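Hello,

Here is the structure I promised to pass on to you. Have a look at it first, and then read my notes below.

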Amino acid sequence: MTASELPARPAPVDTHTHPFLSGVFAPQREEVDVAGLPVTGEIPAGLAGSYLRNGPNLRFDPIGSYVYPLDGDAMVHRISFDDGRVSYSNRFVRTPMVIAEEAAGHAIWSGITDGYTPPASEVGDELAGTMRELPDINIVRHGGRLLAMAEAAQPYEISPVDLATIGKTDCDGAMLVGSTAHPKIDPTTGEMVLFNYALEAPYLTWAVVGPDGRTTRTPTPVDGIDVPIMIHDMALTSRYIVLFVCPLVFDIAAMLGGGSLLAWKPERGTRIALIPRNGDPVRWVDTDPFWVWHFANAFDNPDGTVTVDYVEWSHPGGFADEPTPATSNLIRAVVDPDAGITRSGLNDSVVDMEFPRVDDRLLTRDHRRIASVARAPRDTGQRESLWFHDLATGTEAVWTPGVAVGEPIYIPGIDHDHWGTIGTDPDDLTSRFYLLDADAPADGPIATVDLPIRVPAGLHGAWIPAST
């Protein structure tokens, strides 16, 4: 191929005007290790462990396009607690693409929706024609591995000591075809259950990794899927993998013609798959169309039904050609394999809710508390409020710090439990970690940790006790 025949390098993206590349979303290029962080309030005695959080964070200013949260290199942030002392560290997940761009000193790969890939003359034969790898969504600890999870690809293992990148892994064969970013770990069995979607048949598979990190079920096709379809998250019960197959379909032909990679097809409706963990045939339940990014939890009921708590969206926002903005609500659904699904809203006062979390020790079992991020009526910018839902009393509490807050995390303690979150002030772009009393979260933080650098608004995280 002559120089004139090489694909044209896309133009730079204007980071100053892009809403997801400026302000609280602006990339952080600095990597630091800082101990003895300033604390306002008091860290509870005996609190020992680390909160790790992943998120899109471009190593260099992008070319072509940037679609949040599909694009962006991964950066893992760690806030560690030890006998009242707090430290912070952060590292890029260094995929081959990040390494090549660091050598060049600028972006080489474009956004994934552009279809541009660099030629061999720029990146060598091994990387020529490859798409950027994006292990930038979640962080999972299981079977001795610390994993930076991608949307539908193999994760990258990173060092629990210094967050250095070890390399891509298939987790003993369970992720030969990849994994979505949200596997679930059964606290009773210690198993990690995962699923993955693909652009070619089989369009949907599931697998299991035992507590020792060895695969106990290799990727197994899910019958009943006839098109490539996006499914971001799953729920898990003692009996079932629960997948909500919403009608967001991959349209490769449209993308090649300059259109969108994903097409919202509400005429297909939403289908719910109850996949027995023992390998029995899938049970399908059909209902009207809606979209789900994230689940809080699910559990089996004595009558054979399944209760599922999740955030339901009217449609997937910018991925849908809809005349009205997408709205969301925290939903409790009861799925009956024979009679269908009933859904009831748990919060009708907000229209922009996401990131529901429970105490991870209660996954697959009934739970009382759900925390989420949403806009309160008084919020002025990003989601600035944490909402705490008590399902036993039907009440909710709200804490609004006036900064852009991220996904909450439940932190078990020796004598008392807490919620935690990272927040960034949109005015001065300083970041803090807030520790809230699990029994009275609306009272505000019992401790606030000043972080040494700005932490970009990101995605998902995990609490890792010091004993694991």
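**What I found**

Pro69 sits in the loop that runs between β3 (49-53) and β4 (75-82). Please keep in mind that this is a predicted model. The bond between Tyr68 and Pro69 is a cis peptide bond, with omega at about 0°. Another cis peptide bond links Ala201 to Pro202, where omega is about -5°. Pro202 belongs to the loop between β13 (192-197) and β14 (204-209).

For Asp83, phi is about 55°, and Asp83 lies in the loop between β4 and β5 (85-92). Phe355 also has a phi of about 55°, but Phe355 is part of strand β26 (residues 353-357). Are they buried or exposed? Asp83 has a relative accessibility of 59%, so it counts as exposed, the cut-off being over 50%. Phe355 has a relative accessible area of 10%, which means that it is buried, as this is under 20%.

Now for the whole chain. The protein chain has three helices and 35 strands. Its radius of gyration is 22 Å, close to the 23 Å that the globule rule gives for 468 residues, so the chain is as compact as a globular protein of that length. The C-alpha atoms fill a box of roughly 70 × 55 × 50 Å along the principal axes, and 56% of the 468 residues count as buried. As for charge, the chain carries 33 positive and 64 negative side chains, and the centres of these two sets are 3 Å apart.

Enjoy exploring!

Best wishes

Technical notes. Residues are numbered from 1 along each chain as its sequence is written. This is a predicted model: local features need pLDDT of at least 70, side-chain atom pairs count only at pLDDT 80 or more; totals for chains, interfaces and linings use all residues. Side-chain values use heavy atoms; hydrogens and water are left out. Helices (H or I, at least four residues) and strands (E, at least two) are DSSP runs, numbered from the N terminus. The radius of gyration is taken over C-alpha atoms; the globule rule is 2.2 Å times the number of residues to the power 0.38. Buried means under 20% relative accessible area, exposed over 50%, partly exposed in between (1.4 Å probe, protein chains only). Lys and Arg count as positive and Asp and Glu as negative; His and the chain ends are not counted. The place of a charge is taken as NZ of Lys, CZ of Arg, CG of Asp or CD of Glu.
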